[in-house]
There are 2 protein chains.
Amino acid sequence: MSSSKRSKPQKPGKAASISDVARESGVSIFTVSAVINNKSHVGKNLRERVENAIQKLNYRPNLIARSLIKQKTQTIGMIVPDIVNPFFPMVVRGAEDAAQKHGYNLLLCNSDDSLAKEETAIELLLSKRVDGILLTKAAGEFSPSLRQMIEGVNIPFVLVMRTYPTLTKDAVVSDDYQGAYEAVCHLARSGRRRMGLISGPLKISNAKERWRGFRDALEHANLPFDPELVVEGDYRIESGFRAGHALLSHRPDGIYVANHLMTIGLLQAVEEMGLKCPEDFGLVSFDDYPWLGVFRPRLTTVELPKHQLGSEAAELLIQRIGGNQGKPVLKKLSPELRIRESCGFAQFVSGEHRRPGAPEPSTISL
Amino acid sequence: MSSSKRSKPQKPGKAASISDVARESGVSIFTVSAVINNKSHVGKNLRERVENAIQKLNYRPNLIARSLIKQKTQTIGMIVPDIVNPFFPMVVRGAEDAAQKHGYNLLLCNSDDSLAKEETAIELLLSKRVDGILLTKAAGEFSPSLRQMIEGVNIPFVLVMRTYPTLTKDAVVSDDYQGAYEAVCHLARSGRRRMGLISGPLKISNAKERWRGFRDALEHANLPFDPELVVEGDYRIESGFRAGHALLSHRPDGIYVANHLMTIGLLQAVEEMGLKCPEDFGLVSFDDYPWLGVFRPRLTTVELPKHQLGSEAAELLIQRIGGNQGKPVLKKLSPELRIRESCGFAQFVSGEHRRPGAPEPSTISL
DNA sequence: CAGGCGTGGCTAAACGTTTTGAAAAGCATC
DNA sequence: GATGCTTTTCAAAACGTTTAGCCACGCCTG
């Protein structure tokens with residue numbers, strides 16, 4: 001109750017500050033702070049007084065001020081190409097869950113796979129002093145100045161889904177090579193011979209990996225690699241549609257598509273051309289989604305552990321933030337081949353309809 | 001170059017601060033600050049010296065410190081039930097685009113439609129002193145203490161997609177009543193008589209609105225409202241599946257489903273029961289998605305302007321942050337009926353396949 | 001030459017926390 | 001009563017900005 005030296009009264013519209021609480025309960029700021037962070041060395045008596053004042057004033061510590069002094073914001077920045085691409089929500093969710101668990105929040109940015117937007121986003125995140133950044137890098141190099149910035153300031157980065165040759169940072173990716181390899185091997189096992197690929201942009205690491213997996217699987221199966229049967233798309237629906245037209249005109253009997261959106265485009269092209277899957281060609285796609293249950297034919301896919309990808313990346317980042325030094329780590333998560341109808345491997349396909357949530361009809365964990 | 005009184009040297013691992021720049025360029029902190037915020041009153045000479053120093057030190061203003069003094073973080077919090085629900089990514093994207101445009105960032109939280117998680121999230125966002133909050137409210141009341149907190153601290157909220165009776169805040173929603181009304185009218189026009197509804201949780205405003213639209217459309221069409229033909233789901237796939245089984249056993253000849261995920265579940269039930277759409281019943285769903293192009297039959301849907309929903313909400317919020325006082329606003333955005341095959345309104349369905357990106361076969365803007 | 005005024009720059013206070021170093025208080029021991 | 005040891009409390013410095021208030025200077029005006 002006694003008046004401190006320079007305590008100003010709390011303004012009406014403003015949230016209470018720690019000094020308001022101190023004044024209200026007649027103790028010093030230090031004691032209030034101690035109570036908040038419940039340090040042991042506060043007397044029962046005072047602690048109660050302070051807690052009452054906190055209740056009464058509806059006090060809530062200002063984390064901005066805390067961030068300033070602690071030099072930690074408990075926030076991590078996450079940059080994805082586009083949250084609307086159905087691949088990313090689950091990754092973001094995984095990251096958010098892990099972040100949450102450790103008391104971090106997620107500042108989300110979309111780069112649209114544009115280097116310029118990516119740079120702007122990173123600069124902003126650095127200015128906001130996030131504790132670390134999860135980055136699904138757009139294709140292309142950082143500008144030298146940004147690069148210098150990144151090296152200079154000492155906050156950890158973890159690359160998600162895409163590695164980058166000249167960027168020696170931690171990365172959490174799916175084993176895309178393996179996924180593609182198994183997918184194509186499976187097509188070969190089901191009797192396909194003229195194998196086509198709708199690839200992602202080869203400047204992006206995972207597209208390149210899937211391309212390599214495709215190629216090596218052909219070699220392994222003693223099948224020819226025909227450049228005519230490889231079309232590069234950009235991971236979007238429209239490009240899958242165009243690539244589908246281009247590819248199907250060469251009559252492959254097996255197609256592997258490197259992501260879900262392009263598969264949607266492809267299937268539209270397929271219908272337009274009056275072709276049938278799996279009769280005319282076998283199909284394996286990447287990424288699995290709940291709504292695939294409604295697609296006909298049921299798609300054989302290589303499913304990536306999307307949630308895990310996000311959560312492990314966040315966990316790793318948080319470890320780094322916590323001071324865990326050491327060489328950059330490359331973590332590869334195993335994809336999982338889910339065999340359904342579109343590959344034409346009939347014996348694997350159970351006739352009964354699968355209830356939602358029930359186990360997959362056939363699953364090969366790679 | 002001259003030594004200031006109490007300037008400490010920059011530590012190696014740390015990012016440069018404004019005082020480092022001041023020392024480097026031999027001016028006061030004030031001048032550096034003026035240059036950064038390019039105030040007019042700085043001489044050309046000094047300005048250049050300062051800019052060089054900024055370059056050299058790779059200086060980047062600390063927005064945390066700025067936030068502390070300006071009492072603005074240039075950050076808005078956004079709480080959605082689950083970013084993995086395909087409805088929300090586009091809404092979030094809309095919000096992010098608008099936020100970005102005005103120099104704000106998005107702090108994203110998932111509530112899983114749980115009141116507890118929602119409260120935790122709001123408290124955290126308030127502590128982090130976001131400038132405003134975009135909220136898709138979970139069903140249920142705020143706890144009194146949180147409510148008091150929200151009223152006390154003076155930051156604006158904008159409700160997204162869902163209003164809430166006892167919460168007099170701004171809201172941006174879709175006109176769900178109208179959307180449902182038109183959907184059901186359309187089913188009636190195409191000759192359906194026994195109309196069924198798979199509804200969302202009626203505690204959620206938009207589910208209730210869609211329910212009302214359904215009921216009134218029946219009345220308008222002189223059709224009976226049969227409680228047996230109304231099943232309440234929870235907006236998830238699984239519930240659509242169960243609701244589908246329950247509903248179809250009563251043989252409706254027209255079904256309106258209140259969101260996309262439940263439609264997926266329904267379609268699985270439909271197949272399992274060996275029924276055909278649109279032969280056995282007409283179907284209209286809510287929300288449109290790119291992958292619907294692959295669904296058969298093509299779904300007639302009521303599309304919501306998802307991106308706009310997010311961006312208008314963010315714009316409104318930012319206006320409020322900017323000090324725009326006034327009564328709470330309720331903004332309703334018009335949905336759009338996209339007629340395809342599933343409603344069985346054959347004459348509207350063009351035979352040719354629609355290319356991606358091409359205009360919809362038939363669109364009725366409500 | 002006094003007074004007024006714009007220009008360009010500075011000092012210092014403020015924002016709301018954490019934390020260091022020290023002091024006061026309580027208590028047992030010598 | 002001095003000494004030492006804990007326990008409890010405090011005042012003040014820091015974090016990196018913005019900004020109000022002030023001052024020195026030069027120029028014009030009367």
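Modeller: Happy to! Let's begin with two helices, α10(B) and α11(B), which are oblique to each other. Please keep in mind throughout that this is a predicted model.

Colleague: At what angle do α10(B) and α11(B) pack?
Modeller: Residues 237-248 of chain B form α10, and residues 260-272 of chain B form α11. Their axes lie 6 Å apart, and the angle between them is about 50 degrees. Angles of 65 to 115 degrees would count as roughly perpendicular and those under 35 degrees as roughly parallel, so this pair is called oblique. The angle you asked for is about 50 degrees.

Colleague: Is the crossing of α10(B) and α11(B) left-handed or right-handed, and how do its residues divide by class?
Modeller: The crossing of these two helices is right-handed. On the α10(B) side the contact includes B:Ile237, B:Phe241 and B:Leu248, and on the α11(B) side B:Leu261, B:Ile264 and B:Val270 are among the residues met. By class, the contact of α10(B) with α11(B) has 10 nonpolar, seven polar and one charged.

Colleague: Which element gives the largest share of the side of chain B that touches chain A?
Modeller: That contact takes 53 residues from chain B and 53 residues from chain A. On the chain B side, the elements giving two or more residues include α4, α5, β2 and α6. That side has 28 nonpolar, 16 polar and nine charged residues. Its largest share, six residues, comes from α11(B).

Colleague: Which residue in β2(B) is the bridge partner of A:Leu107?
Modeller: Strand β2 of chain A, residues 105-110, pairs with β2(B) in the antiparallel sense. Three bridges make up that pairing. For A:Leu107, the bridge partner in β2(B) is B:Leu107.

Colleague: Which residue of β11(B) stands opposite B:Ser174?
Modeller: Strand β5 of chain B covers residues 170-174. It runs parallel to β11(B), and four bridges join the two. Opposite B:Ser174 stands B:Leu333.

Colleague: Now for the DNA. Which element gives the most to the surface near DNA strand C?
Modeller: DNA strand C is surrounded by 28 residues, and the closest are A:Ile18, A:Asn62, A:Ala65, B:Ser28 and B:Gly43. Both chains take part, with α1, α2 and α4 of chain A and α2, α3 and α4 of chain B each giving two or more residues. This surface divides into 15 nonpolar, 10 polar and three charged residues. The most, five residues, comes from α4(A).

Colleague: And which element gives the largest share of the surface near DNA strand D?
Modeller: Around DNA strand D there are 29 residues, with A:Ser28, B:Ile18, B:Ser33, B:Asn62 and B:Ala65 coming nearest. By class, the surface has 15 nonpolar, 10 polar and four charged residues. The largest share, five residues, is from α4(B).

Colleague: How are α1(B) and α2(B) oriented relative to each other?
Modeller: Their axes are 8 Å apart and pack at an angle of about 105 degrees. That value falls within 65 to 115 degrees, which means α1(B) and α2(B) are roughly perpendicular.

Colleague: Last one: which residue does a cis peptide bond join to A:Arg296, and which to B:Cys277?
Modeller: In chain A, the cis bond has an omega of about -5 degrees, and its proline sits in the loop between β9 and β10. In chain B, omega is about 5 degrees, and the proline is found in the loop between α11 and β9. The partner of A:Arg296 is A:Pro297, and that of B:Cys277 is B:Pro278.

Definitions and conventions:
Residues are numbered from 1 along each chain as its sequence is written. Chains are lettered from A and ligands numbered from 1 in the order in which they are written. This is a predicted model: local features need pLDDT of at least 70, side-chain atom pairs count only at pLDDT 80 or more; totals for chains, interfaces and linings use all residues. Axes are lines fitted to C-alpha atoms, for helices over the stretch in contact, and angles run from 0 to 180 degrees between N-to-C directions. Angles under 35 degrees count as roughly parallel, over 145 as roughly antiparallel, 65 to 115 as roughly perpendicular and the rest as oblique. A crossing is left-handed if the near helix is turned anticlockwise from the far one by less than a right angle, and right-handed if clockwise. Two residues are in contact if their C-beta atoms, placed from the backbone, lie within 7 Å. Ala, Val, Leu, Ile, Met, Phe, Trp, Tyr, Cys and Pro count as nonpolar, Asp, Glu, Lys and Arg as charged, and the others, Gly among them, as polar. Two strands pair if DSSP finds at least two bridges between them. A residue is near a molecule or strand if its C-beta atom, placed from the backbone, lies within 6 Å of it.
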